[in-house]
Amino acid sequence: MRWTSVERPALTYVEVLVRDLLAPLQSGATTVSHKINEFFVYFKRVKALELENQRLKKEIGQLRILNSRLQEYRLENIRLRELLKLKETSSRQFDYISARVIGRELKKWYHTITVDRGLRDGVTKDMPVVTYQGLVGRVVAVSQNTAEVLLLLDREGAVGAMIQLTRTPGVVEGLGDDSGMLQMIHLPFDAPVRPNQTVITSGLGGIFPKGLRIGYVTEVIPLPNQLMKKAMVRPFVDFDRLEEVMIINRVYEGD
């Protein structure tokens, strides 16, 4: 038995013509279909990237907050270590009450801060307040849980002082302005006072113990009467950045 192939009938002229006409359309439909699929794939990728971008932004924000907190802890640790060093090195002279600054008087004519220690902690009026940098001021008002501290910058915060090297006495007071400077007054015209000399408390006046650092002389100015002069003093304490202070609640006499 012999197999013979089935012969297809030849395409008519019309059929050939129709196929030729439909071929571009079929090709175009296929291309459009591919483009649509590519669009949806691209859209999904863009959406995924947007979600990933939002997640990364959130993570970066959290890391920035964490980094800021760690930086604050580091700086606070440095300040507290300095205060602890002050407490240890002067433990034979003073007892201290540590305190945090919780408020500041913003009026230009009155320079005070508020700290979070009061009567319940043993704080009383006229106790000296210091940092590891030097003298801050004195307590002028006390409540059960807080105390108000008058800064050296205030004109009412005058303190008996002297030049550490020459022991020349005088009085240091604030200028009452925003310069952050102090002035040492009642200096005789011939007193050996020069720039860069350190100024400390003299112990006179009954409030501030002797030897607390105040600042250093920046300029000596003769007064018109030619009998006296004054010295401009830059304080060691940065009053704009006070965060923690020490209140001297006991002075050991003779040490």
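Confidence in the protein chain is lowest in helix α1, residues 13-89, at a mean of 66, and highest in β9, at 96. The score here is pLDDT, the predictor's confidence in each residue, from 0 to 100. The chain averages a pLDDT of 81, and 74% of the residues score at least 70. Where pLDDT is low, the predicted coordinates should not be read in detail.

Some housekeeping. This is a predicted model, in which local features need pLDDT of at least 70 and side-chain atom pairs count only at pLDDT 80 or more, while totals for chains, interfaces and linings use all residues. Residues are numbered from 1 along each chain as its sequence is written, and side-chain values use heavy atoms, with hydrogens and water left out. Helices (H or I, at least four residues) and strands (E, at least two) are DSSP runs, numbered from the N terminus.

Now the barrel. Which strands close it? Six of them, in the order β1-β2-β5-β4-β3-β12, with antiparallel pairing. From one strand to the next the twist averages 45°. For that angle, axes are lines fitted to C-alpha atoms, for helices over the stretch in contact, and angles run from 0 to 180 degrees between N-to-C directions. Two strands pair if DSSP finds at least two bridges between them.

Let me walk through some of the pairings. β1, residues 94-104, pairs with β2 in the antiparallel sense over three bridges, and Val101 stands opposite Val115 in β2. β2 is joined to β5, residues 147-151, by four bridges, also antiparallel; there, Ile113 has Val149 in β5 as its bridge partner. β3, residues 128-130, runs antiparallel to β12, residues 244-251, with two bridges between them. In that pairing, Val129 stands opposite Ile247 in β12.

Next, the loops on either side of β3. Asp126 is in the loop between β2 (112-115) and β3. Asp126 has a positive phi of about 75°, and it is not a glycine. Most residues other than glycine have a negative phi. How accessible is Asp126? At 30% relative accessibility, Asp126 counts as partly exposed. The classes are buried, under 20% relative accessible area; exposed, over 50%; and partly exposed in between, with a 1.4 Å probe and protein chains only.

Thr131 is in the loop between β3 and β4 (135-142). Thr131 is buried, because its relative accessible area is 5%. A polar atom of the Thr131 side chain lies 3.0 Å from the backbone nitrogen of Gln133.

Asn196 also has a positive phi, about 80°, without being a glycine. Asn196 sits in the loop between β8 (182-188) and β9 (198-201). With a relative accessible area of 63%, Asn196 is exposed.

Met184 lies in β8. Is Met184 buried or exposed? Its relative accessibility is 0%, so Met184 counts as buried. Met184 and Val199 are 15 residues apart along the chain, and their C-alpha atoms are separated by 8.9 Å.

Gly160 is in β6, residues 159-163. Gly160 is buried too, with a relative accessible area of 17%. Gly160 and Ile200 are 40 residues apart in sequence, yet 8.7 Å apart in space, C-alpha to C-alpha. What else does Gly160 touch? Leaving aside neighbours within four places in sequence, Gly160 is in contact (heavy atoms within 4.5 Å) with Gly170, Ile200, Thr201, Ser202, Gly203 and Leu204.

Technical notes:
A polar contact is a pair of N or O atoms within 3.5 Å; within protein, one must be able to donate a hydrogen and the other to accept it, and residues adjacent in sequence count only if both atoms are side-chain atoms.
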